[in-house]
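Okay, thanks for coming, everyone. Let me put the structure up on the screen, and then I'll walk you through a few spots in it.

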Amino acid sequence: MMTITTLLLAHLVADFPLQTNSIVKMKNNGFKGLGLHVLIHVLVLALLIKNPLHYWPMLLILATAHFITDWAKVHMHHKLQTPGFIADQIIHILTLVILASIMPEVQSTLPEWFLFPAIILALIPAFLTLFWVIAGDFLRKESYTKYPKLHWASTHLHPISRSMSVIVMVLLIATAILI
């Protein structure tokens, strides 16, 4: 159980708080940004597991799967972002489940009691981003004046998510240092 929670925490931290707007823009413009994003995923996971060099095959599989998934998402041209966002996250989580089942012995550098609260904290920017994407997609079809709350969500949730990401990272780093 500790392996999947560690993998999930690494994913949430790398895919939301550490994926800045500039990295998203770079990802959409070529391999350099996508490579940087994948490198961040690998580095975060390497920091969160004991003996990361021993698990280099897992890190390589994670990097490859994440690269392919995000490359496909970037190159799919749909009017709505929500289906791609959800499919992307499902594929990433399935990859983590497969890796955890192949290598269940992976140990976290963080104590087990810390992993679940950290995941819950890291889910906040993830859900804020999801709601922002959904609001933006819905408003592509509807009038801003007809749905003022959705208009607010489409303009405010992403900046709130970015601010929350900073808070999440500060809390996670401070707690990890103190443990």
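This is a predicted model: local features need pLDDT of at least 70, side-chain atom pairs count only at pLDDT 80 or more; totals for chains, interfaces and linings use all residues.

So, in which helix is Met26 found? That's helix H2, which covers residues 21–29.

Together with Leu36, Leu39 and Leu43, Met26 forms a nonpolar patch on the surface. Those four residues have about 320 Å² of accessible area together. The top contributor to the patch is helix H3, residues 31–48, which gives 3 residues.

Next, the largest pocket. There's about 710 Å³ of space in there. It's lined by 27 residues, and the closest to the centre are Val24, Asn28, Lys73, Gln81 and Phe85. As for elements, the ones giving two or more residues to that lining are H2, helix H4 (56–75), H5, helix H6 (112–141) and helix H7 (148–178). H2 shows up again here: it gives the most to the pocket lining, with 5 residues.

Last stop, Thr82. You'll find Thr82 in helix H5, residues 82–102. Thr82 counts as buried because its relative accessible area is 14%, and the cut-off for buried is under 20%. And what is Thr82 in contact with, leaving aside its neighbours within four places in sequence? Val133, Ile134 and Asp137.

That's my tour, so over to you.

Notes:
Residues are numbered from 1 along each chain as its sequence is written. Side-chain values use heavy atoms; hydrogens and water are left out. Helices (H or I, at least four residues) and strands (E, at least two) are DSSP runs, numbered from the N terminus. Buried means under 20% relative accessible area, exposed over 50%, partly exposed in between (1.4 Å probe, protein chains only). Contact means heavy atoms within 4.5 Å. Patches are made of residues with over 30% relative accessible area and no salt bridge: like charges are joined within 9 Å, nonpolar side chains (Val, Leu, Ile, Met, Phe, Trp, Tyr) within 5 Å. Accessible areas come from the Shrake-Rupley method with a 1.4 Å probe; for residues, only the protein chains shown count as cover. A salt bridge is a side-chain nitrogen of Lys or Arg within 4 Å of a carboxyl oxygen of Asp or Glu. On a 1 Å grid over the protein atoms alone, a cavity is a set of points where a 1.4 Å probe fits but cannot get out, and a pocket is an open set with protein on both sides within 12 Å along at least five of seven lines; lining residues have an atom within 4 Å of a point. Grid points are joined across faces, edges and corners, and a volume is the space filled by probe spheres set on the points.
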